[in-house]
Amino acid sequence: MIRVEGLKRHFDVSGGWLARVLDRIPRQVVRAVDGVAFRIDRGETLSLVGESGSGKSTIGRAIVGLERPDAGRILFDGQDLMRISPGEARRQRRRMQMIFQDPFASLNPRWRVRSLVAEALGQMTASQCRAEVGRLLRQVGLQESDGDKYPHEFSGGQRQRICIARALAGNPEFLVCDEPTSALDVSVQAQILNLMRDLQLALGLTYLFISHNLAVVYHVSTRVGVLYLGRLCEIGTRDQVFIHPRQPYTRMLLDSIPDVTLSGRPRTPGQGEVPSPINPPSGCAFHPRCPLATERCRAERPELRTLPDGAEVACHAVEEGRTG
């Protein structure tokens, strides 16, 4: 359904022109997304994980049209959204919706829930609109009478259900879920995740799920992509990434999860800080923190390579068989 090829999105964070000239400071650019490529098959859930600032949300916003990529292609059902006419691109993007991280910030507090959900509906009579909004609210576990209330009258989990109902109002086929449960309590997270899984099965939805919570990602994913400083370093099925991780950065992320089973497996805690995205390291961006780094890692940036089992990894140590 979705194919992303060579996607780049850079942000100019330089100061004012006069200040740069007087202080002799060069232009500063953040490479938020720097040549990312992946696919999402119909009906599956691809999750993107990584530390803050790795480019997860920027990718999701670029796919739904909230960010304009600097380079690359985004193909939806075979159509390049960057090269078709603006009108056709809008028609195609009506088949996509996005669920945001903060359910209160994404709802207009001055509008009743009925108006918030009805905004995405097409032209209908008042009675048809009321019936459709009621159906959508019931579909996400709310009451039809909740349409007469304001967002502040609901809990965080209920507000997120309203956001899901609004996203479903346009009958989308593809949803970008940008950390939809991170602002919720753990028990409420489980309810929302189960709701999203049930809706996916019932409606045949396809998800791009963005999160830094690995436990949530394991629960919802078909495939997982690991991002570091705007580039994919590993992508594969859920079991390939969680049970047989290859890339040292993926291993470091998984070792950060508390070992509640006391398995005794050797663990490598994360070392160092994420480098500045304005001035990333040469070669492999992870080499300052990697226990397997060599001179080749410091000089040459690795590219994603497909392994015999179908997983894709960007790592010189994996290519050379130095990971154990």
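**Ground rules**

Before the helix pair, a note to myself: a crossing is left-handed if the near helix is turned anticlockwise from the far one by less than a right angle, and right-handed if clockwise. Helices (H or I, at least four residues) and strands (E, at least two) are DSSP runs, numbered from the N terminus. I'm looking at a predicted model, where local features need pLDDT of at least 70, side-chain atom pairs count only at pLDDT 80 or more, and totals for chains, interfaces and linings use all residues. Residues are numbered from 1 along each chain as its sequence is written, and side-chain values use heavy atoms, with hydrogens and water left out.

**Entry: helices α6 and α7**

Two packed helices are described by the angle between their axes and the distance between the axes. I looked those up for α6 (residues 156–168) and α7 (residues 186–203): their axes come within 10 Å and cross at roughly 20 degrees. That makes α6 roughly parallel to α7. My cut-offs: angles under 35 degrees count as roughly parallel, over 145 as roughly antiparallel, 65 to 115 as roughly perpendicular and the rest as oblique. The axes are lines fitted to C-alpha atoms, for helices over the stretch in contact, with angles from 0 to 180 degrees between N-to-C directions. The crossing of α6 past α7 is right-handed.

Which residues make the contact? On α6 I found Gly157, Gln160, Arg161, Ile164 and Leu168; on α7, Val188, Gln191, Ile192, Leu195, Met196, Leu199 and Leu203. Contact here means heavy atoms within 4.5 Å. Sorted by class, the contact of α6 with α7 has eight nonpolar, three polar and one charged residues. For the classes, Ala, Val, Leu, Ile, Met, Phe, Trp, Tyr, Cys and Pro are nonpolar, Asp, Glu, Lys and Arg are charged, and the others, Gly among them, are polar.

I also checked glutamine 191, which sits in helix α7. Glutamine 191 counts as partly exposed, at 43% relative accessibility (buried is under 20% relative accessible area, exposed over 50%, partly exposed in between, with a 1.4 Å probe and protein chains only).

**Entry: aromatic pairs**

How many aromatic pairs does a search of the whole structure find? The search turns up four. Rings of Phe, Tyr and Trp (its six-membered ring) pair if their centres lie within 6.5 Å; planes under 30 degrees apart count as stacked, over 60 as edge-to-face and the rest as tilted.

One of them joins tyrosine 228 and tyrosine 249: it is tilted, at 4.6 Å centre to centre with 55 degrees between the planes. Tyrosine 228 lies in strand β9 (residues 223–228) and tyrosine 249 in helix α10 (residues 248–255), so the pair ties together parts that are 21 residues apart in sequence. Tyrosine 228 is buried at 6% relative accessible area, and tyrosine 249 is buried at 1%.

Tyrosine 228 also pairs with phenylalanine 286, edge-to-face, at 5.3 Å centre to centre and 85 degrees between the planes. This pair links distant parts of the chain, 58 residues apart, with phenylalanine 286 in the loop between α10 and α11 (295–299). Both tyrosine 228 and phenylalanine 286 are buried. I noted Tyr228, Tyr249 and Phe286 as one aromatic cluster.

Is α10 mostly covered or mostly open? It is mostly covered, with seven of its eight residues buried. Those are Pro248, Tyr249, Thr250, Met252, Leu253, Leu254 and Asp255. They pack against α8 (214–220), β9, β10 (231–237) and α9 (238–242).

Helix α2 (residues 56–64) is mostly covered too, with seven of its nine residues buried. The list reads Lys56, Thr58, Ile59, Gly60, Ala62, Ile63 and Val64. Just after α2, glycine 65 takes a positive phi of about 95 degrees.

Most residues other than glycine have a negative phi. Aspartate 77 has a positive one, near 50 degrees. Aspartate 77 lies in the loop between β4 (71–76) and β5 (79–80) and is partly exposed, at 37% relative accessible area.

Leucine 229 also has a positive phi near 50 degrees. I found leucine 229 in the loop between β9 and β10, where it counts as buried at 12% relative accessibility.
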